[in-house]
Amino acid sequence: MKKLILICLFLLLSGCVDKEIIDDINIEVGVGYDLAEDEKDKFIGTVLFQEFQPDQSVINRTFSGNGKLGQDVRLDVSKQTSEPVVTGGLKLAVFGPEISKKGILDLIDSFQRDASMGARVFVATAEGKSEALLNGEYGTRGNATYISNLIQHNIEHRDIPITNLHIFSRDYYQDGKDPFLPRLKKAGNDKVKITGISLFQKDKEVAILPVKDMFFFKLLVDKYSEGNFDVKLKKEAYAAVKSIRSKNKTRVTNNHAAITINLEGIIDEYTGDILTPQIVREVEKKLEKKIEKECLRLLLQFQDLGIDPVGLGQKKKNRNRNFDFKKWEDDYKMLSFDVKCNVVIEETGVLE
């Protein structure tokens with residue numbers, strides 16, 4: 001009898017759920033926002049859909065709408081499509097340069113309020129119009145999948161610190177840390193490349209970190225589980241340090257921040273004649289000095305900009321009760337820095 005009642009309840013409840021057939025809806029997988037040229041309080045939104053074909057190929061389709069809210073764009077796009085638009089499959093949101101400088105909080109907030117949208121959506125800025133970035137033919141699995149995989153790959157194996165919608169929102173709302181996002185550029189109709197890191201003060205982009213600084217930035221704000229860096233030695237020789245693993249430790253007092261970076265790796269390529277133990281030690285020392293110099297330069301640059309993407313204020317707050325962030329804003333301007341790096345080369349292949 002109990003079993004019969006449970007079955008009846010299940011049938012009743014399942015009848016209350018709205019059903020949508022995947023072939024009869026448009027699943028929004030990517031979206032881009034650009035500031036409207038005619039009205040500065042409005043923006044243009046580009047919505048990307050992926051249409052799967054019987055031969056497993058993918059057709060990328062984009063529609064554009066405009067308005068003052070993200071919902072305005074969806075309503076505008078809905079008037080252009082023959083099927084309902086749903087957001088549950090969103091993988092990527094891209095912001096053009098003008099809207100990034102003006103502020104992206106309202107749009108980020110609309111993502112957070114949408115219960116169908118996952119917090120792990122990748123968010124990025126565009127070098128040029130986001131509309132142009134989404135209108136390409138990248139890979140064979142669709143543009144949104146290509147770009148989100150590009151970001152994920154560079155987080156896991158290259159120089160982008162871990163980032164997504166949830167992390168951006170967390171950094172924005174917590175005191176003592178400013179957010180950042182990867183910056184993308186359309187490099188042709190069939191490819192996209194990473195051109196740096198957009199640094200934010202609250203929700204406004206205030207600076208762009210170039211590609212050459214991304215390795216050192218990730219050492220400061222994240223950790224490597226896999227990475228690589230080339231070290232220039234004497235007589236125009238180079239050593240490629242691969243499989244880099246790193247950790248950082250920060251201690252902040254009233255007027256000083258001391259950061260220690262521990263790095264391990266292997267040398268799997270050397271352009272000189274013989275890779276001796278002396279040369280291995282030279283590689284370690286050269287890399288230590290390079291990291292200490294460049295990380296210190298970045299910290300001073302962030303201080304001049306009045307931003308704290310490393311989260312020194314947040315780290316100090318965690319160690320101090322009744323922390324006064326207003327006082328910290330003044331203290332941060334006068335803070336001195338010390339960066340210490342310890343490099344250990346664990347393997348070098350065959351030594352002669």
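I count two strands as paired if DSSP finds at least two bridges between them. Helices (H or I, at least four residues) and strands (E, at least two) are DSSP runs, numbered from the N terminus. The model is predicted, so I took local features only at pLDDT of at least 70 and side-chain atom pairs only at pLDDT 80 or more, while totals for chains, interfaces and linings use all residues. Residues are numbered from 1 along each chain as its sequence is written, and side-chain values use heavy atoms, with hydrogens and water left out.

**Entry 1: β7 and its partners**

I looked up β7 and β8 and found them paired in the antiparallel sense over 7 bridges. K186 stands opposite V192 in β8. The hairpin of β7 and β8 has 5 residues between the strands, and G188 there takes a positive phi near 150°. With strand β6 (residues 122-126), β7 pairs in the parallel sense over 2 bridges; A126 faces L184 of β7 in that pairing, standing opposite it.

I then asked how many residues of β7 are buried. For this I used under 20% relative accessible area as buried, over 50% as exposed and the range in between as partly exposed (1.4 Å probe, protein chains only). In strand β7 (residues 180-186), 5 of the 7 residues are buried, so the strand is largely enclosed by the rest of the structure.

**Entry 2: the whole chain**

I noted 11 helices and 13 strands in the protein. The C-alpha atoms fill a box of roughly 75 × 65 × 55 Å along the principal axes. Of the 352 residues, 46% are buried. I took contact as heavy atoms within 4.5 Å. Among contacts between residues at least 6 apart in sequence, 65% join residues at least 24 apart.

**Entry 3: the four-strand sheet**

I traced an open sheet of 4 strands in the order β10-β11-β12-β13, with mixed pairing. β10 (229-232) and β13 (336-347) are at the edges with a single partner strand each, so one side of each has no neighbour in the sheet. The twist averages 40° from one strand to the next; axes are lines fitted to C-alpha atoms, for helices over the stretch in contact, and angles run from 0 to 180 degrees between N-to-C directions.

β10 and strand β11 (residues 238-252) run antiparallel, joined by 4 bridges. V231 is opposite A239 in β11. Helix α9 (residues 277-305) packs on the sheet and touches β10, β11, β12 (256-270) and β13; its direction makes about 150° with that of β13.

**Entry 4: nonpolar cores**

I defined a nonpolar core as a set of buried Ala, Val, Leu, Ile, Met, Phe, Trp, Tyr and Cys residues joined through side-chain atoms within 4.5 Å. The largest has 66 residues, and I291 and L312 have the most contacts inside it. α9 gives the most to this core, with 9 residues. Leaving aside neighbours within four places in sequence, I291 is in contact with F215, F216, L219, I261, L263 and C341. I also found a second, separate core of 25 residues, including A93, F95, V123 and L181.

In helix α10 (residues 312-319) the buried residues are L312, G313, Q314 and K316. The buried residues of α10 pack against β11, β12, α11 (325-333) and β13.

**Entry 5: L107**

I checked L107, which is found in helix α4 (residues 105-113). Is L107 buried or exposed? L107 counts as buried, at 5% relative accessibility. Apart from neighbours within four places in sequence, L107 is in contact with Y33, F43, G70, F95 and I99.

**Entry 6: the largest pocket**

I searched a 1 Å grid over the protein atoms alone, where a pocket is an open set of points with protein on both sides within 12 Å along at least five of seven lines, and lining residues have an atom within 4 Å of a point. The largest pocket has a volume of about 390 Å³. Its lining has 20 residues, of which G176, D178, G306, W328 and E329 lie nearest the centre. α11 gives the most to this lining, with 6 residues.

**Entry 7: positive phi**

Most residues other than glycine have a negative phi. I noted K202, with phi near 60°, in the loop between β8 (192-201) and β9 (204-210). K202 counts as partly exposed at 39% relative accessibility. S243 has phi near 50° and lies in strand β11. S243 is partly exposed, with a relative accessible area of 32%.

Note on methods:
1 Å grid on protein atoms, 1.4 Å probe; cavity = no way out; pocket = protein on both sides within 12 Å on 5 of 7 lines; lining within 4 Å. Points joined across faces, edges and corners; volume = space filled by probe spheres on them.
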